[in-house]
Amino acid sequence: MDDTDIGLMERIRNGDTDAFETLVARHQRSVFNLACRFLHDEGEAEDIAQEAFVRVYKAAPSYSPEAKFTTWLYTIVRNLCFNVIRKRQGADLVPIEDETIPELPSRTDDPLEVLEKKQINEKVREAVAALPENLRMAVILQKFYGMSYEEIAKVFGCSQNAVKLRVHRAKELLVRKLGGFDRENTGETN
Amino acid sequence: MHCEWVKQNLSAYIDGELGSGLADGLKEHLSSCNSCSAEYHAMVRAWEMLDAWEDVLPPERLRQNILSDVRRFRRQKWTMMMIPAAAALIIVIAAFLLFGTGVREEQGLLAVRSETALVLSDRDLAEREKEEIIANLQLLQERDFYESIETLRKIDYLPLVGEEPRGEDGQSSSLEYAVT
């Protein structure tokens, strides 16, 4: 039995609900975290992830594997996330800092290290949240999902050169936001 | 390589998106340019800081909600498929009932019409005979007229009005009737 993503989609097209459950189990964490990192809101990220998988199921009859399954899946998530941003802008909503996100256990027990890590984590999240939406999504896909510029270009429906410029611009902004913080923490001077 | 080009391609270099020739040239430039090298290291540090942002576990209810939504969608899809089929079945049954009733009514009507036709035909016969007689009455009258004409033609002599008629022997005679 073909357990690749494309194989599972083929089985879903034939009405195999077990295949769909397998697909959800395999990708729900990455989809949830993509939405979470982009929207900076756990509740909305949950809604996005739920909607994304329902759309995957509904689209199964007409799904055609022209690219990697994850490229298609993250395109759906990206579109849903951008819709949320537009609604927020229309309603003048401000994303609420979510302090209840369950984090994975730390790899170290040193309280100072834990605190430092938490501070860095917060700073990083703020810096990424401050990026313009197109740059933010490009950074997240490249950094946390290891996607190539070509794959990111498919998600955005733009050229590779455009992706290259976005990622470069995003890194410059991150350097400005995080560069000073990093020097404070490490004691480096300019 | 110019510093401007190097700085614009630092990100692609870090991401491994430069071709090997360009990447080697950039690396060589960094080894000899302090400004570009400083910018490169700052970018690498900021990029690596993102590793501190770890994944979070999605809530268990997410999987349950997804499956629940999909089950609901499947039920709705099944209902939407069944509605036209049920409607078609209802139409067929209704048509059968109506059409079946209609056939019986039609047969009854034909029987009534046949009986009526029989009754009508008897009445029609008497009426037709009368109409024939009336239509032919004129012909009957004309027949009498033409018979009279034939009779007159056989008479050799016809006296004028007021004149005494003569018989066959030349003697006056009287006609039984006068023709005007």
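Reply: Helix 1 (residues 5-13) and helix 2 (residues 17-39) of chain A pack at an angle of about 145° with their axes 8 Å apart; axes are lines fitted to C-alpha atoms over the stretch in contact, and angles run from 0 to 180 degrees between N-to-C directions. Helices are DSSP runs (H or I, at least four residues) numbered from the N terminus. The model is predicted: local features need pLDDT of at least 70, side-chain atom pairs count only at pLDDT 80 or more, and totals for chains, interfaces and linings use all residues. Residues are numbered from 1 along each chain as its sequence is written, chains are lettered from A in the order in which they are written, and side-chain values use heavy atoms, with hydrogens and water left out.

Helix 1 of chain A passes helix 2 of chain A in a left-handed crossing (the near helix is turned anticlockwise from the far one by less than a right angle). From helix 1 of chain A, Asp5(A), Leu8(A), Met9(A), Arg11(A) and Ile12(A) meet residues of helix 2 of chain A, including Phe20(A), Leu23(A) and His27(A); contact means heavy atoms within 4.5 Å. By class, the residues of this contact are six nonpolar, two polar and three charged (Asp, Glu, Lys and Arg count as charged; Ala, Val, Leu, Ile, Met, Phe, Trp, Tyr, Cys and Pro as nonpolar; the others, Gly among them, as polar).

Between the chains, the contact takes 47 residues from chain A and 35 residues from chain B. Six salt bridges cross this interface (a side-chain nitrogen of Lys or Arg within 4 Å of a carboxyl oxygen of Asp or Glu). One of them joins Arg61(B) to Glu46(A), at 2.6 Å from N to O.

How values were computed:
Helix = DSSP H or I, 4+ residues; strand = E, 2+ residues; numbered from the N terminus.
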